[in-house]
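Dear colleague,

My notes on strand pairing and nonpolar cores follow it.

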Amino acid sequence: MKKSWIALLMAVASPVSLASSLEPPVIQGEAMPVAKTENTVAAWTTYRVWMAKSWFVRTEVHQILSVYASGKLRELPVIPVSGGEELYPLGHILPILQTAPVAFSQVILGKGVRPISLVGAPDTEWVTKTWFAAGHPVLEIMPLYAGLRSNVQITAVSPHGHLLTYTIGLVSDEKAYTPTLAFYRQHVYRKPTAQEVARMAAQEALNPIANATQVETDWRVTCFTGDCSRIRPISVLSSATATFLKLPTATAPMVLVRNRAGASVLVHTTMTGHTLVVGAVPHRIDLITGTGNDIAMVRITREGQS
């Protein structure tokens with residue numbers, strides 16, 4: 001039954017669309033939405049008829065994506081899942097989430113996705129809640145009244161560091177609503193080289209979050225000379241093997257590492273964004289920037305070892 005559903009998708013130009021009487025909202029100042037739109041309640045009715053009692057499971061999403069990548073499927077479909085959840089292809093179809101003031105609707109983002117901002121759905125018309133479950137960011141939303149129209153835009157970062165934008169139209173009905181809206185998307189995957197695997201393993205070994213019981217924050221930061229605001233760490237923490245300094249700048253300062261006797265120690269350092277990683281947990285770290293009379297130095301010392 002499930003294989004015949006995939007074959008049916010391949011046989012037609014596009015999935016059947018059930019027109020909705022609810023108009024889509026204006027998106028980003030445009031008179032018309034920038035993508036194909038589909039009301040979630042209408043989509044559920046349409047694709048439920050197509051699938052009969054043969055519900056998709058998430059592992060089969062990969063089959064759909066493979067068929068689409070081969071060119072045998074002209075467009076990605078909406079995938080209904082038992083229990084009222086709908087999976088929309090991110091960037092291919094703009095979902096118009098139908099809500100009702102009788103219950104909350106859920107919007108579930110991908111596992112490991114990190115939301116940066118959420119705009120839309122004004123508080124005077126919508127109730128929104130955000131939280132995480134099993135690594136998935138979750139937005140719960142319910143309208144205060146029927147007949148509302150708006151949209152939500154969520155800017156996020158994928159687990160691999162790519163920019164993601166979720167645009168969701170919102171409409172409200174008196175009773176009909178969609179319990180859960182989620183997304184699936186094409187992942188651009190390239191097998192890492194042996195060198196990249198080794199580098200990622202080394203970075204993971206330096207990750208202070210890998211073992212929270214080993215994280216220490218007992219560091220004293222002192223301005224030794226000059227205008228230290230340029231390089232004074234916002235935070236300092238260390239794991240069993242490395243020290244992490246969050247700096248106000250993305251430019252790496254000169255780093256001098258010393259032991260308890262005051263002798264210099266040669267230690268590998270890296271700068272990723274605003275985070276300076278020192279590949280050791282020394283007694284003292286000096287950060288230096290500037291030249292001539294404009295030199296500034298910050299001294300960072302492990303508490304209890306001065």
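Two strands are taken to pair if DSSP finds at least two bridges between them, and strands themselves are DSSP runs (E, at least two residues), numbered from the N terminus. The model is a predicted one, in which local features need pLDDT of at least 70 and side-chain atom pairs count only at pLDDT 80 or more, while totals for chains, interfaces and linings use all residues. Residues are numbered from 1 along each chain as its sequence is written, and side-chain values use heavy atoms, with hydrogens and water left out.

By that criterion, β14 pairs with β18 (residues 275-278) in the antiparallel sense over 4 bridges, and Lys246 stands opposite Thr275 in β18. Strand β14 (residues 243-246) is also paired with β13 (residues 235-238), again antiparallel and over 4 bridges. A hairpin through 4 residues joins β13 to β14, and Ser238 has Thr243 of β14 as its bridge partner.

I also examined the nonpolar cores, meaning sets of buried Ala, Val, Leu, Ile, Met, Phe, Trp, Tyr and Cys residues joined through side-chain atoms within 4.5 Å; buried denotes under 20% relative accessible area (1.4 Å probe, protein chains only). The largest has 22 residues, and Val107, Tyr166, Leu170 and Phe183 have the most contacts inside it. Strands β4, β8, β9, β10 and β11 each supply at least two residues of this core, the largest share, 4 residues, coming from β10. A second, separate core has 15 residues, among them Val236, Ala280, Leu287 and Val298.

Yours sincerely

Key:
Buried < 20%, exposed > 50% of the residue type's maximum accessible area, 1.4 Å probe, protein only.
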